Amino acid sequence: MACAEFSFHVPSLEELAGVMQKGLKDNFADVQVSVVDCPDLTKEPFTFPVKGICGKTRIAEVGGVPYLLPLVNQKKVYDLNKIAKEIKLPGAFFLGAGAGPFQTLGFNSEFMPVIQTESEHKPPVNGSYFAHVNPADGECLLEKYSEKRHDFECALLANLFASEGQPGKGFDLRLEHTHFFSHHGEGGHYHCDTTPDIVEYLGYFLPAEFLYRIDQPKESHSIGRD
C-alpha cells in the first residue's frame with residue numbers, strides 16, 4: 001500500500017490562535033480562540049479511551065472519494081492497526097471521519113473512528129460509532145461499533161487525526177469534512193448548519209507535525225468542489 005510522508009512547519013499555538021481568531025470573525029458573530037489544557041477525554045461527554053490528543057500529531061489521509069465511483073471498489077478495506085504502523089506511530093489514537101466497514105456491517109454507513117490502536121504493551125480499544133438510516137422507520141440510527149463487531153477496519157476513505165493520546169495544551173475553538181456522534185442516538189456526516197442563527201461549536205484542535213497520504217486514488221474527482 002503506497003504511503004507518502006510530508007512534514008509540516010508547526011508554528012506556536014499562540015501564533016495559530018491569533019490567526020484563527022482573526023479569520024473566523026469574518027464568518028461568525030462571536031468567536032473565541034484560546035490555548036488551553038485539553039480536558040480529560042476519558043470523561044463525559046467524550047468518553048474516549050485516552051486522556052488527550054497530544055503527542056506526535058499526524059494526519060492520515062486514506063483512500064478517497066474516487067473509490068466510490070462509478071461503483072464501490074469493494075477491495076478498499078483498511079485496518080487502522082496497520083495504518084498506525086504505516087504512519088510510524090504504533091499504538092496511535094485515531095479520531096476522524098470515514099466510510100463505515102460495509103464488508104462487516106453489510107450496508108453503507110457514516111463512520112466516526114475513535115480508536116486506540118494496538119501497541120507492544122496494550123491491546124487495541126475500539127470506541128467508534130457508525131450512523132445509518134434505520135430501515136424500520138427511516139430515521140438516523142447511531143450505534144457503537146464494538147457492540148456489533150470486534151475488528152478495527154474502515155473502508156474506501158478516511159480522514160484521520162492521530163496522536164499518542166496524551167494530555168496537553170490545544171486550541172479551544174468556540175464556534176472541514178467531519179463526522180459527529182452523540183449520546184442521544186444521533187450522528188453522521190456534517191454538511192452545513194440547519195440553524196445558522198443559533199448554532200454553537202466547541203472544539204479542541206492541534207496542528208499536525210506530519211501528513212501521510214495512504215493509498216491515494218490515481219484519478220481525482222469533482223464531488224463537492226463547486
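**Exercise 1. Determine how many disulfides the model holds.**

Solution. The count comes to zero disulfides, a disulfide being a pair of cysteine sulfur atoms within 2.5 Å. The model is predicted: local features need pLDDT of at least 70, side-chain atom pairs count only at pLDDT 80 or more, and totals for chains, interfaces and linings use all residues. Residues are numbered from 1 along each chain as its sequence is written, and side-chain values use heavy atoms, with hydrogens and water left out.

Step 1. For C38, the closest cysteine sulfur belongs to C54 and lies 5.9 Å away, which is too far for a bond. C38 has 13% relative accessibility and counts as buried (buried: under 20% relative accessible area; exposed: over 50%; partly exposed: in between; 1.4 Å probe, protein chains only).

Step 2. For C154, the nearest cysteine sulfur is that of C3, 14 Å away, and C154 is in no disulfide. C154 is buried, at 2% relative accessibility.

**Exercise 2. Classify the aromatic pair of F48 and F93.**

Solution. Step 1. The structure holds seven aromatic pairs; rings of Phe, Tyr and Trp (its six-membered ring) pair if their centres lie within 6.5 Å, and planes under 30 degrees apart count as stacked, over 60 as edge-to-face and the rest as tilted.

Step 2. The ring centres of F48 and F93 are 5.8 Å apart and the planes stand at 45°, so this pair is tilted.

Step 3. Both F48 and F93 are buried.

Step 4. Ring pairs join F48 and F93 with F46 and Y204 in a cluster.
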